[in-house]
2 protein chains.
Amino acid sequence: MENSGLLIVISGPSGAGKGTICKALLEKDPSIHVSVSATTRAPRMGEVHGENYYFLTMEEFKERLEQDQFLEYAKVYDNYYGTPKENVMEQLQRGKDVLLEIDTEGALKVKEKFPEGVFIFILPPRIEDLKRRIMNRGTESEEDIKKRLEAAKEEIQKIHEYNYGVINDDVERATLDVQSILSAEKLKTERNYQDLIEKYI
Amino acid sequence: MENSGLLIVISGPSGAGKGTICKALLEKDPSIHVSVSATTRAPRMGEVHGENYYFLTMEEFKERLEQDQFLEYAKVYDNYYGTPKENVMEQLQRGKDVLLEIDTEGALKVKEKFPEGVFIFILPPRIEDLKRRIMNRGTESEEDIKKRLEAAKEEIQKIHEYNYGVINDDVERATLDVQSILSAEKLKTERNYQDLIEKYI
C-alpha cells in the first residue's frame, strides 16, 4: 500500500444520504476517482457506457466473473452488478483515491478482498428520518417501508465492521467529517512508514 | 472507553516543534485539558504549582510512584518527572480530551498503559531543519547537536509505534492535520459502537 491512494468505501442503509455526501465530497475534491460499476441490465434513457455503468452482456459479465475481475458482485433479480477490480487497482497504484458508493452487502464483500480500504458508514440523524426519506420518495408501500427500516436496523448492527460512522444530520458537516477521515488516514504511520524512513534516515 | 474523551499524546524529537503545535491546537480548541506533570525539581522564577508543574518533594514523588499513580515517569539527572494518572483519568471519564506533550520515551511508556490513546509523532520538514532549530537555540555544542540528531533518527525509526505522523512544515497546516486526526478518531466505530446501537436499535 505504500504511496498508494486510498480506497474509500461509503456505505449505509438506503435513505441515509450516502449519494448526497459522495456528490458533495467530489465537489470539494475532484481529484478523487469514482469507480464505475458494471451491469448486465439494459441502459436507461440517457445513460452512458463507462460513465453511469459499464453495460455488459451476460456472457461478458460471466467471463469476467470467472476471471475474478470483480471486487464484489451481486445478482439483483435477473441482472448482475459488479465493481471492476482492475480499474480500481490501477488508480490506487497511481496514488489516486478511489471512491466506491455501495450498499452494505457489497461493502463487506469489498472489505474481505481489500481490508486496507477506508470503510465509512453513513447514518441518518434518527431512525425516523429514514422512514420519512423513504416515504417522501412516494414509491414504496407501507409494507416495503417497514421492511426497509428493519433492514436498516440490521445493517446498523454491523457497523463495527466499518472503520467510521458518520451521522448525516447536515450534508456540509457530514462531508467535512469524511474529509477529516481521509486526511487522518493519509497521516497514519502504517500507510507511510517506508516513505518516512527513506525521507529521514 | 465509551463516552470517554481522547487521550492525545503529542511527541517527537526535540526541535520538531511539538510545543508550538500544542499551543496552536489549544488556541483552536480550548476545551482540551492539558495534563500537568509532577516533578521533584525546584520551581524556577515565576513557575506556578499546578500550572507549570506539580512540585513535589522526593518523598511525595516516591510515595506516589509506589502507589502506581503515574502514567509514566523518568529520572533526569537527580530529579524525577512524571505524568499523574488520576487527573488524566478523571478528565477522560468526564468526556474531556486530554493532551499530553511528552518526549518519545515517555510516549511509548504511556502507550503500554493506555494503548487506546491517540499517539501522534511530530516530524521536522527535513532532518536538516532539526539541526538548524537546535543550533538557533545557541545553547548546544557541536558534539551535543550531533548527539541530538542521532537521537532524533533513532526516535523516527520507532514511528510505527505511533498512530500518526505529522510533518511540521507549517504550524497552521500541521495543527489542522492534528485536528483532522482528532475528528476522525471520534468518528471511529470502535469508540462509538455502544452509543450508536443504543441510539438506533
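## Salt bridges, chain contact and annotated sites in a predicted two-chain model

A:Glu128 forms a salt bridge with A:Arg126, and the closest N and O atoms of the pair are 3.8 Å apart. This is a predicted model, and a search of the whole structure finds 28 salt bridges over all chains, whereas zero disulfides are found over all chains. Chain A and chain B bury about 2,700 Å² between them, and across their interface the rule finds zero salt bridges. The points below take up the charged pairs, the contact between the chains, the annotated regions and some individual residues.

**Charged pairs**

- In general, side chains of opposite charge can pair when their charged atoms come close.
- A:Arg126, which pairs with A:Glu128, also forms a salt bridge with A:Asp129, where the closest N and O atoms are 3.4 Å apart.
- In chain B, the side chains of B:Arg173 and B:Asp177 meet in a salt bridge with an N to O distance of 2.6 Å.
- Both B:Arg173 and B:Asp177 lie in helix H7 (residues 171-187) of chain B, where they are four residues apart, about one turn of the helix.
- Within this pair, B:Arg173 counts as partly exposed at 31% relative accessibility, while B:Asp177, at 13%, counts as buried.
- Returning to chain A, salt bridges that share partners join A:Arg126, A:Glu128, A:Asp129 and A:Arg132 into one network.

**Contact between chain A and chain B**

- The contact takes 30 residues from chain A and 30 residues from chain B, and of the roughly 2,700 Å² that the two chains bury between them, 69% is on carbon and sulfur atoms.
- A:Leu187, A:Thr189 and A:Tyr200 supply 26% of the area that chain A buries against chain B, which is more than any other three residues.
- Although zero salt bridges are found across this interface, the count between chain A and chain B is 14 residue pairs in polar contact, with both residues at pLDDT 80 or more.
- On the side of chain A that touches chain B, at least two residues each come from helix H6 (142-157), strand S9 (164-167), helix H7 (171-186) and helix H8 (189-200).
- Helix H8 of chain A gives the largest share of that side, namely six residues.

**Annotated regions of chain A**

- An unreviewed UniProt entry carries the annotation "domain: Guanylate kinase-like" for residues 5-183 of chain A; this span is 44% helix and 21% strand, and its end C-alpha atoms lie 12 Å apart.
- The UniProt annotation "binding site", also from an unreviewed entry, covers A:Gly12, A:Pro13, A:Ser14, A:Gly15, A:Ala16, A:Gly17, A:Lys18 and A:Gly19.
- A:Ser14 is found in the loop between strand S1 (7-11) and helix H1 (18-28) of chain A, and with a relative accessible area of 28% it is partly exposed.
- Leaving aside neighbours within four places in sequence, A:Ser14 is in contact with A:Leu130, A:Ile134, A:Arg137, A:Arg148 and A:Glu155, and a polar contact of 2.5 Å joins the side chains of A:Ser14 and A:Arg148.
- A:Ala16 lies in the loop between S1 and H1 of chain A, and A:Ala16 is buried, with a relative accessible area of 0%.
- Beyond neighbours within four places in sequence, the residues in contact with A:Ala16 are A:Ile122, A:Leu123, A:Pro124, A:Leu130, A:Arg133 and A:Asn168.

**Buried polar residues and cysteines**

- A:Asn192 lies in helix H8 of chain A and counts as buried because its relative accessibility of 19% falls under the 20% limit.
- A polar atom of the A:Asn192 side chain lies 2.7 Å from the backbone oxygen of A:Lys186.
- B:Gln91, found in helix H3 (residues 85-93) of chain B, counts as buried at 8% relative accessibility, and apart from neighbours within four places in sequence it is in contact with B:His33, B:Lys96 and B:Val98.
- A:Cys22 is buried, with a relative accessible area of 3%, and B:Cys22 likewise counts as buried, at 4% relative accessibility.

Terms used
Residues numbered from 1 in each chain as written. Chains lettered and ligands numbered in written order. Predicted model: local features only at pLDDT ≥ 70, side-chain atom pairs only at ≥ 80, totals over all residues. Heavy atoms only, no water. UniProt positions renumbered as here; feature names shortened; annotations may be inferred. Disulfide = S-S within 2.5 Å. Buried < 20%, exposed > 50% of the residue type's maximum accessible area, 1.4 Å probe, protein only. Contact = heavy atoms within 4.5 Å. Buried area = accessible area lost by both parts, 1.4 Å probe. Salt bridge = Lys/Arg side-chain N within 4 Å of Asp/Glu carboxyl O. Polar contact = N/O pair within 3.5 Å; in protein donor to acceptor, adjacent residues only side chain to side chain.
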